[in-house]
Amino acid sequence: MNWRTIIYVVLLVSLTVAKALPRTSRDVEGKTSIGQRFSQLHENNFKAIALIMFAQYVPGGTFGIAAGMAERVTALARSCAAAARDSPDCLKPLDRIFFDTICQEKNLPRIADCCAKEDSERNDCFLSLKNFSQGFIPPLQRPDAEAACRNYSQHQQPLTAYFTYEVSRKHPFLPAPTILSVALRYEEMMKRCCGGAEGPSQHLEECFRTQTPKVVKPVREDALRQEHTCGILKKFGERTLKALKLTQISQKFPKADFVTVHKLVMDVADMHKDCCRGDMLDCMQDREDILQYVCSNQHILSSKIQQCCEQPLLQRSECIIHVENDDKPGDLSPHVREFIEDKGVCERFAQEKDTHLARFLYEYSRRHPEFSAQMLLRIGKGYEDLLQECCRPGAPSGCRSRGEEELRKHIYETESVMRTSCDIYKEKGDYYFQNELLMSFTKKMPQLTSAELIKFTKEMTTIGSKCCQVGQDKLLPCAEENLDLVLGEICRRHLADPINPGVCRCCSSSYAFRRPCIGKLEVDESYVPLALTPGLFAFHGDLCTTEEEKLQHRKQEMLITLLKYKPQISPEQLGSVTAAFSAMRERCCGEANPEACFLKEGPELIKRSEKMLSA
């Protein structure tokens, strides 16, 4: 079978193909056979999706095993579609056929326990294997240029299928449309870079160096967004996820009425539940149902999505996510005082609490596209707290009127934090801004490794470079929503390997207040500083490198070690130690034998620094 053709055909599937995808056995109940699904999807599409599904459910297998299982399931489907419609195997729900096929394989890791279970329990068991696999498979890397082009010229079709398999097993929760679009970008890269494979190797290396990020970066970003959303659902529950989606959809479609927005929120939340469980088929079906609804109701949702809805199915979802918010209705009042001043507010709050709070969040969000979703959730929580206090028996008259003042105060504080951060970024630039973040986060989270601290603060610095350039009306959504992704990474890291009690409190107590909570953390008092051992501060000739990026990385590692050794170091002490280090480096790097100089001067610097730090 021509795997390259499969990839391209799947990229062009219509909405009717998505409609043909099966639900799980609890929904199908034997009503739709594999033969019917095969006829609706056609062979190429069916086989490509089968490969992805087997790769995701059996990450410990091999490409040969996954491709072989995809071939066998496709052969069964073909025969069921042709003649054997009434065969018992043809009448099984598709997900059961997939799992039966996996269980027929011998020597696959960790599947025996799952195969001993029945139906829904077996499904849940295989889903747990997806969770187990994460973190055990190395991430995608830039390929060796000459070897990649040699393979491409000799095995062009299987190579794209193998890449699809690798992405699928490395990202077991990524939806199939995302994986297939990545496969297309990979195919385009191989064509571009290997089209002139007889050319010089420098050209090949340069081509892969510039093109690989275009393939790998979207995978990482999509996987991060998926993992982030699933983390919110898992840690804070469905109510928090629905509130987050309510703010985002209300901002995106401010002309839509509450009933329409509420329907979309429920559908999107249900989709994320399926996607986060790893039910790829249900996840795909949910996604396409939502896209069909949105594009069929453009007239009541948004004037900005027509171009998105005209795109091929695969690009449609990403386009709608990133399209700008629709214009607010011209007759939309600037305030929502009725939620404070109306006499029936407390009665509505008592009778239908969640619906009343959802209406407030909807009305406030559609009026304020300049606020981040997380800030809107904090405003919603503040409104809920206000009503709980002011609607109780015996509450003083005028209690609710203070809500507006508290709201203004919170808005001012949030905007001030972001403006101050951008002022520091603009003054110091990337490297020194990241150093400021390193000093702050090493004191808050000294248990993180140097590599982790540098990675997280580098991501935060990238946010500064991106968001501090936008207008004031886009600063908060850009900064806080991107920062939320990084904080989500930190909190998932904490979940896997606890960092400290302060991080635990911020990552567990409230999603909306996670960023302010982490921002207010100070030196971790529970941390036991590093002991001064002979190898703690090692100075070598690599400090004389002329490659600025490597030198900066080395300096940052030493800064982190210093802060872990002396968490309470003052800015003045840090400045003195830094100046002494710079003088030593300049002196030794001017010597004929820098290594010998560092060997002599390093211990002396440590002694002098000790005196400075104990003063």
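This is a predicted model: local features need pLDDT of at least 70, side-chain atom pairs count only at pLDDT 80 or more; totals for chains, interfaces and linings use all residues.
Q: Which residues make the contact of α23 with α25?
A: From α23 come T414, E415, M418, R419, C422 and F441. They meet Q472, L475, L476, A479, E480 and I490 of α25. By class, the contact of α23 with α25 has 7 nonpolar, 2 polar and 3 charged residues.

Q: E480 is part of that contact. How do you know whether E480 is buried or exposed?
A: Look at its relative accessibility, which is 1%. Buried means under 20%. The value for E480 is under that cut-off, so E480 counts as buried.

Q: Which residues does D484 contact, beyond its neighbours within four places in sequence?
A: D484 is in contact with H228, Q374, Y511 and R514. As for F236, it is 248 residues from D484 along the chain, and the two C-alpha atoms are separated by 14 Å.

Q: How do you know how α24 runs relative to α25?
A: Helix α24 (residues 450–467) packs on α25 at an angle of about 170°, with the axes 9 Å apart. That angle is over 145 degrees, so α24 is roughly antiparallel to α25.

Q: Which residues of α24 and α25 meet?
A: α24 brings E452, K455, F456, E459, M460, I463, K466 and C467. On the α25 side, the list is L475, C478, A479, N482, L483, V486, L487, E489, I490 and R493. By class, this contact has 11 nonpolar, 1 polar and 6 charged residues.

Q: At what angle and distance do α24 and α28 pack, and which way do they cross?
A: α24 and helix α28 (residues 548–565) pack at an angle of about 115°, with their axes 10 Å apart. The crossing is right-handed. S450, L453 and I454 of α24 and H553, Q556, E557, I560 and K564 of α28 make the contact. These residues divide into 3 nonpolar, 3 polar and 2 charged.

Q: How do you know whether R585 is buried or exposed?
A: R585 lies in helix α29 (residues 571–589). Its relative accessibility is 19%. Buried means under 20%, so R585 counts as buried.

Q: What lies around R585?
A: Leaving aside neighbours within four places in sequence, R585 is in contact with L543, C544, T545, L551 and F598. The C-alpha atoms of R585 and G541 are separated by 9.4 Å, and the two are 44 residues apart along the chain.

Q: Why is N151 called partly exposed?
A: N151, in helix α10 (residues 145–154), has a relative accessibility of 34%. Under 20% would be buried and over 50% exposed. The 34% of N151 lies in between, so N151 counts as partly exposed. The C-alpha atom of N151 is separated by 38 Å from that of T449, 298 residues away along the chain.

Q: Which residue does UniProt list for "binding site"?
A: An unreviewed UniProt entry lists D279. D279 sits in the loop between α14 (258–277) and α15 (280–296).

Q: What tells you whether D279 is buried or exposed?
A: Its relative accessible area is 3%. That is under the 20% cut-off, so D279 is buried.

Q: Which residues does the annotation "domain: Albumin" cover?
A: The unreviewed UniProt entry gives residues 22–216, 217–409 and 410–607. In the model, residues 410–607 are 73% helix and 0% strand. The end C-alpha atoms of that span lie 47 Å apart.

Terms used
Residues are numbered from 1 along each chain as its sequence is written. Side-chain values use heavy atoms; hydrogens and water are left out. Contact means heavy atoms within 4.5 Å. Helices (H or I, at least four residues) and strands (E, at least two) are DSSP runs, numbered from the N terminus. Ala, Val, Leu, Ile, Met, Phe, Trp, Tyr, Cys and Pro count as nonpolar, Asp, Glu, Lys and Arg as charged, and the others, Gly among them, as polar. UniProt positions are given in the numbering used here, feature names are shortened, and annotations may be inferred rather than shown by experiment. Buried means under 20% relative accessible area, exposed over 50%, partly exposed in between (1.4 Å probe, protein chains only). Axes are lines fitted to C-alpha atoms, for helices over the stretch in contact, and angles run from 0 to 180 degrees between N-to-C directions. Angles under 35 degrees count as roughly parallel, over 145 as roughly antiparallel, 65 to 115 as roughly perpendicular and the rest as oblique. A crossing is left-handed if the near helix is turned anticlockwise from the far one by less than a right angle, and right-handed if clockwise.
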